[in-house]
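Please keep the model at hand while reading.

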Amino acid sequence: MAAPDRLLLLRDELETPLGRLVVISEQAGALRLVGWVEEHERVAPALRAYSSDPRYDLRRASNPGGASEALRRYFEGELDALDGLAVADIGTPFQRKVWRALRSIARGSTLSYSA
């Protein structure tokens with residue numbers, strides 16, 4: 001269990017047809033980060049921040065929040081496997097608005113920014 005003043009974050013990695021993914025979820029299950037391990041420009045700084053920031057306690061876990069299994073199913077062709085995953089409500093108000101809008105776009109459809 002994390003110290004009372006620290007948020008416990010759970011980390012897993014999985015192989016996909018596109019490369020190795022790292023998944024970080026809050027203990028309650030909400031996703032914090034999903035990214036390619038090889039994409040060091042974005043993922044490595046985030047991992048360092050979660051590892052070194054005293055607000056977080058980052059630990060390895062199997063299938064945190066069900067995210068690893070959902071991602072495996074997605075890559076096996078079950079495109080709706082990600083629909084039920086909770087996502088941490090973090091970021092700027094604009095970022096949160098964009099992420100909510102992205103989740104409302106139907107799988108396989110394409111929209112312009114103006115739409």
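In which helix does S68 lie? S68 sits in helix α2, which spans residues 67–75. The model is predicted.

**The serine in α2**

S68 has a relative accessibility of 0%. The cut-off for buried is under 20%, so S68 counts as buried. Its side chain makes a polar contact with the side chain of D12, at 2.7 Å. Which residues does S68 contact, leaving aside its neighbours within four places in sequence? They are D12, L14, V23 and N63.

**The strands**

Strand β2 covers residues 19–26. A hairpin links β1 to β2 through two residues.

Strand β2 also pairs with strand β3, residues 31–36. Five bridges join β2 and β3, again in antiparallel fashion. V23, a contact of S68, has V34 as its bridge partner in β3. The hairpin of β2 and β3 has four residues between the strands. In that hairpin, G29 takes a positive phi near 115 degrees.

How many residues of β2 are buried? Seven of its eight residues are, so the strand is mostly covered. In a regular strand, side chains alternate between the two faces of the sheet.

**The aromatic pairs**

The structure holds three aromatic pairs. Such a pair is described by the distance of the centres and the angle of the planes. Two of the pairs are listed here.

| Pair | Centre to centre | Angle between planes | Geometry |
|---|---|---|---|
| Y50 and Y56 | 4.9 Å | 85 degrees | edge-to-face |
| Y74 and F75 | 5.4 Å | 85 degrees | edge-to-face |

Why does the pair of Y74 and F75 count as edge-to-face? The planes stand at 85 degrees, and the cut-off is over 60, so the pair is edge-to-face.

Are Y50 and Y56 buried or exposed? Y50 has 11% relative accessibility and counts as buried. Y56 is buried as well, with a relative accessible area of 12%.

Y74 is at 30% relative accessibility and counts as partly exposed. F75, at 26%, also counts as partly exposed. Both lie between the cut-offs of 20% and 50%, so neither is called buried. Ring pairs link Y74 and F75 with W36 into a cluster.

Terms used:
Residues are numbered from 1 along each chain as its sequence is written. This is a predicted model: local features need pLDDT of at least 70, side-chain atom pairs count only at pLDDT 80 or more; totals for chains, interfaces and linings use all residues. Side-chain values use heavy atoms; hydrogens and water are left out. Buried means under 20% relative accessible area, exposed over 50%, partly exposed in between (1.4 Å probe, protein chains only). A polar contact is a pair of N or O atoms within 3.5 Å; within protein, one must be able to donate a hydrogen and the other to accept it, and residues adjacent in sequence count only if both atoms are side-chain atoms. Contact means heavy atoms within 4.5 Å. Rings of Phe, Tyr and Trp (its six-membered ring) pair if their centres lie within 6.5 Å; planes under 30 degrees apart count as stacked, over 60 as edge-to-face and the rest as tilted. Two strands pair if DSSP finds at least two bridges between them.
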